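Trainee: I have a new structure open and would like to learn how to read it. Could we go through it together?

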Amino acid sequence: ATRIVLASRPEGAPTTDDFRVETFQLPTPRNGQVLLRNRWLSLDPYMRGRMNAGRSYAAPVEIGEVMDGGTISEVVESLHPAWSPGDLVLAHAGWQTHAIVDGESLRRKLDPAGLPVQTALGVHGMPGFTAYAGLHEIGKPQHGETVVVAAASGPVGATVGQIAKLHGARAVGIAGGPDKVAHVRDELGFDVALDHRADDFAQQLEAACPGGIDVYFENVGGKVFDAVLPLLNDFARVPVCGLVAHYNDTAPPAGPDRVPQLMGLILSRHLTVRGFIQRDFIALYPEFVREMAQWLRDGRVRYREDVVQGLENAPEAFIGMLAGKNFGKLLVKLGG
Ligand code: NDP
């Protein structure tokens, strides 16, 4: 079997040297375990955090350990009563071709005759659930309100805008480059899509939100946050989901300390700014799986995938994602 391990901890943006491809001998499964062959690997921004030492909401990957990640896997051998050879499952089996895992750790069995199985890593899985739960519990978009989200062609942002529309809100999406902007507007049906790389991005955002912003679903931070902040309405909600513009930062940005100004605005505009990790709302997961399956079948929620072939290409694809090179949910297809 083949796996990709963390070779070194990156300083700033990761490079391919921070990863190492290894072949290894699979042990035999013990009682309660299953042997998996991984079919699809999900690449997600949170993995950048796992490459750092130190406290985060999940433990870091240690040097020499296999990189962490969600997978769609086939059960090859099972010593657990719930799973049989041939089952396709949603697992967390990491950046490797095969894995032995505890049968209890497997999340869902997938129906190969249903939705494309890899959607369980994207719109119908963790990223889609992040959008669903963050809006349901924190954003709470109301009819006629304006919802703004960046990384709007990615699996979280794309789903945020479309669910906001289903609630009768206006969706303003922000993405990098003309192709993504066109996709967000024309394929995903956002009311407006803007390019954060435009010189006059802040003015464009202001023009796109004449009634201000009621929900800002924070995926990125950086310049987008700066442009959003003055436009937030009284009682606006800001689910803080991710800050991908900052994941490779090595030092605080230069410039004046803006914390007092930010806190002043949170106070005077009655803002709700709440960080969350999707698992906080795991009680909603069964309802999400049901409701999203229906939306996907009805064509009310659409999605795009960016598929890379072969495990050995995962590091480069992952590094590219942090710089916006992916276009849609980034997946690695393993095997033939
Ligand atoms: P995406 O597939 O959307 O990939 C990240 C995207 O971020 C890039 O494609 C790029 O899109 C955008 N981006 C990168 N740098 C910048 C920048 N400086 N300014 C603006 N945009 C930038 O990822 P996901 O949909 O999987 O994740 C989106 C966010 O949600 C991430 O922050 C992630 O960490 C977070 N997340 C949080 C979870 C939670 O439980 N809290 C769970 C899952 C995800 P573009 O080219 O359009 O700029």
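Trainee: How many residues of domain 1 are in contact with residues of domain 2?

Mentor: Good place to begin, and keep in mind that this is a predicted model. The domain assignment gives domain 1 (2–122 + 304–333) and domain 2 (126–280), and their centres, taken over C-alpha atoms, are 28 Å apart. A contact here asks for C-beta atoms within 7 Å. On the domain 2 side 15 residues take part, and the number from domain 1 is 15.

Trainee: Which helix gives the largest share of the shell around the ligand?

Mentor: Let's start with the whole shell: 31 residues surround the ligand, and G154 and G176 are among the closest. Helix 2 (126–139), helix 3 (155–166) and helix 6 (222–228) each give two or more residues. The largest share is 3 residues, and it comes from helix 3.

Trainee: How many residues of that shell are charged?

Mentor: Both domain 1 and domain 2 supply at least three residues to the shell. By type, the shell has 17 nonpolar and 12 polar residues, and the charged ones number 2.

Technical notes: Residues numbered from 1 in each chain as written. Predicted model: local features only at pLDDT ≥ 70, side-chain atom pairs only at ≥ 80, totals over all residues. Near = placed C-beta within 6 Å. Helix = DSSP H or I, 4+ residues; strand = E, 2+ residues; numbered from the N terminus. Nonpolar A, V, L, I, M, F, W, Y, C, P; charged D, E, K, R; others polar. Domains from an automatic or database assignment. Contact = placed C-beta atoms within 7 Å.
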